[in-house]
Structure formats: C-alpha cells, structure tokens
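Welcome! Have a look at the sequence and the model below, and then let us walk through the structure together.

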Amino acid sequence: TTAGIVAAALLGLALDPRADVSGVDGRVLQQRFQFMNGAAALLAVVVLPIAALMPESTRWLSSQAAGGGSASDAEAALLNETADDDEGRDGEKEEYTLRELAGPLLTATVLAAALQLTGINAIMNFAPEITAGVGFHPLLGNALVMIWNFVTTLGSIMVAKYLPPRRAYIGSALAASIACLFTGVPTFPGVAEGVTQQVLAGLGILAFVAVFELGMGPNIYILAQDVFPESKRDLGLSFTIATQFLFNLVINFGFPV
C-alpha cells in the first residue's frame with residue numbers, strides 16, 4: 001500500500017508540478033483527489049456482491065455442522081479434510097451476550113479511534129498543503145513525505161521481531177500523539193516563525209509518520225482479531241474495520257475545518 005502511495009505521489013509531481021495549492025491549481029488538485037476517492041469507493045461497493053460467489057469459510061461450515069446446520073456433500077467432504085484444524089475450538093463458548101462483548105467492542109473502538117484520529121489520513125490527504133505551509137514546494141514535499149512513509153513501513157518488519165503487537169501499538173500511539181503536539185505547537189500563530197517553524201513542524205511530521213508505520217498501522221489488523229473470542233472474531237473484525245473507516249470520514253471532512 002505504501003509503495004503504491006509513493007508511486008502516486010511521484011506521478012503527481014511529474015505530471016503537475018505547479019506550486020499553487022490555494023488558487024485554481026489547488027481546486028483542480030482537490031477535484032482529482034475527490035475523483036480518486038470516489039473511484040475507490042465505487043470499487044468497494046462493487047466488491048460487496050462478490051461475497052455471494054466466494055466459497056464459504058471451512059471454519060464457518062464446521063461451526064454450522066456442529067450446530068446442526070446443513071451443508072452440501074461437497075462442503076461436508078471439505079469439512080472432513082479440515083476437521084483436524086478445528087479441534088482447537090472444542091470447549092469454547094459459542095454464544096456471548098452483548099454485555100460480555102461490551103469490553104472487546106469498546107477496546108476495538110478505541111483502537112480504531114487512535115489509529116485514525118491521530119492524523120495519518122490528514123497527512124495523506126493534505127500533505128501538499130501541509131508541506132507548502134512550512135516552505136516546501138507542495139507536491140515535492142508530498143512526494144518526500146510519502147517516500148519516508150514507505151521506508152518506515154519496512155522498519156515495522158524488524159519491530160515485529162522484537163515487540164508483541166499490543167506493546168508496539170500502544171507505544172506507537174503514545175509517540176504519534178507526542179509528534180502531533182510537536183507538529184502543531186510550532187505552527188500555531190506567534191509561537192515560531194521562519195526556518196524554526198519549518199524545521200520543527202517538518203521533524204514532527206516525519207516523526208509521526210515513522211512511529212505510525214512502525215507500530216499502529218500494521219498492528220491494528222492483528223489486534224482487531226485478538227481482542228475478540230474466536231467464535232466472534234468475524235463479527236469483531238468487521239466491526240473494527242467499519243469503525244475505523246467511520247473515524248476516517250471524521251478526519252477527511254473535519255480536518256479542513
């Protein structure tokens with residue numbers, strides 16, 4: 001994903017190297033972003049009917065068979081082949097009340113909020129304007145930030161060797177929040193000016209991107225599964241990802257204001 005973002009940033013710089021993001025050029029750039037986001041949303045909608053064509057999860061079929069549900073002969077044969085894989089679920093409670101799931105649901109909501117509200121999407125969507133505000137050519141600054149985003153993503157492979165997902169996520173969230181303050185305070189009117197403002201804000205953005213990609217970005221998808229009981233993992237993961245994108249909308253529409 002981050003490699004694709006770099007490719008898009010470099011292509012944008014090559015095709016439209018204009019510096020004005022506040023006037024006509026900026027509106028054209030904004031319209032292009034809106035078109036790209038609309039195309040992605042359309043693809044997401046198109047994907048939904050594909051679920052009807054995909055083969056069922058063998059684990060789900062096993063659960064249905066154990067509960068007296070029906071399965072075709074082909075599905076039953078597939079279940080027999082994978083029965084050994086499902087032995088670990090024996091004895092696990094299948095049904096949970098909403099009260100029992102309240103804790104995991106709250107945890108998932110906090111994970112999703114921390115991931116999105118710390119601002120990675122603000123940087124992704126508004127990097128040209130942010131970097132222009134601290135003295136860079138907008139699209140050049142955008143490309144440099146996205147290259148840094150890709151490089152630091154590679155570092156998450158090493159972090160995963162030494163830190164468990166929970167510790168990496170929490171530490172990353174704390175560091176990312178501090179980086180947000182480090183970026184925001186110098187850009188507040190009257191606090192810093194000129195080169196000092198540019199350096200401090202620039203370092204804050206780079207620090208934020210790095211700690212986000214080292215911990216929060218990749219580990220949300222592990223923790224989203226880990227906080228729910230195995231029998232409710234499908235529901236829990238769907239809830240977490242949907243909630244994450246709701247917070248994504250908050251940033252996308254709220255950040256410009």
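At 52% relative accessibility, Arg166 counts as exposed (buried means under 20% relative accessible area, exposed over 50%, and partly exposed in between, with a 1.4 Å probe and protein chains only). Asp226, with a relative accessible area of 37%, is partly exposed. What joins the side chains of Arg166 and Asp226? They meet in a salt bridge, with 2.8 Å from N to O. The term stands for a side-chain nitrogen of Lys or Arg within 4 Å of a carboxyl oxygen of Asp or Glu. Arg166 lies in helix 8 (residues 165–187) and Asp226 in helix 9 (residues 194–226), so the pair ties together parts that are 60 residues apart in sequence. A search of the whole structure finds one salt bridge.

Before going on, please note that this is a predicted model, in which local features need pLDDT of at least 70, side-chain atom pairs count only at pLDDT 80 or more, and totals for chains, interfaces and linings use all residues. Residues are numbered from 1 along each chain as its sequence is written, and side-chain values use heavy atoms, leaving out hydrogens and water.

**The whole chain**

The secondary structure of the protein chain comes to ten helices and zero strands. Both kinds of element are DSSP runs numbered from the N terminus: helices are H or I with at least four residues, strands are E with at least two. Of the 257 residues, 32% count as buried. The accessible surface is about 15500 Å², and 68% of that belongs to carbon and sulfur atoms; the areas come from the Shrake-Rupley method with a 1.4 Å probe, and for residues only the protein chains shown count as cover. Among contacts with a separation of 6 or more, 74% are between residues 24 or more positions apart, where contact means heavy atoms within 4.5 Å.

| Helix | Kink at | Angle |
|---|---|---|
| helix 6 | Phe126 | about 85° |
| helix 9 | Glu213 | about 50° |

In helix 6 (residues 120–133), the kink lies shortly before the proline Pro128. Buried residues of helix 6 include Phe126, Pro128 and Thr131. Ala122 is also found in helix 6 and is buried, with a relative accessible area of 4%. Leaving aside neighbours within four places in sequence, Ala122 is in contact with Ala127, Ile130, Ile251 and Phe255. After helix 6 comes Gly135, whose phi is positive, near 100°.

How far apart are the end C-alpha atoms of helix 9? They are 46 Å apart, which agrees with the 48 Å that its 33 residues should span at 1.5 Å a residue (the expected span is 1.5 Å times one less than the number of residues).

**The nonpolar core**

Which residues touch the most other members of the largest nonpolar core? They are Met146, Tyr169, Phe208 and Met216, in a core of 22 residues. Such a core is a set of buried Ala, Val, Leu, Ile, Met, Phe, Trp, Tyr and Cys residues joined through side-chain atoms within 4.5 Å. Helix 9 gives the largest share, seven residues. Not counting residues up to four places away in sequence, Tyr169 touches residues including Leu111, Met216 and Leu223. Ser172, placed in helix 8, is buried at 6% relative accessible area. With the sequence neighbours up to four places away left out, Ser172 touches Val211, Phe212, Gly215 and Met216.

Methods. The bend at a residue is the angle between axes fitted to the seven residues ending there and the seven starting there.
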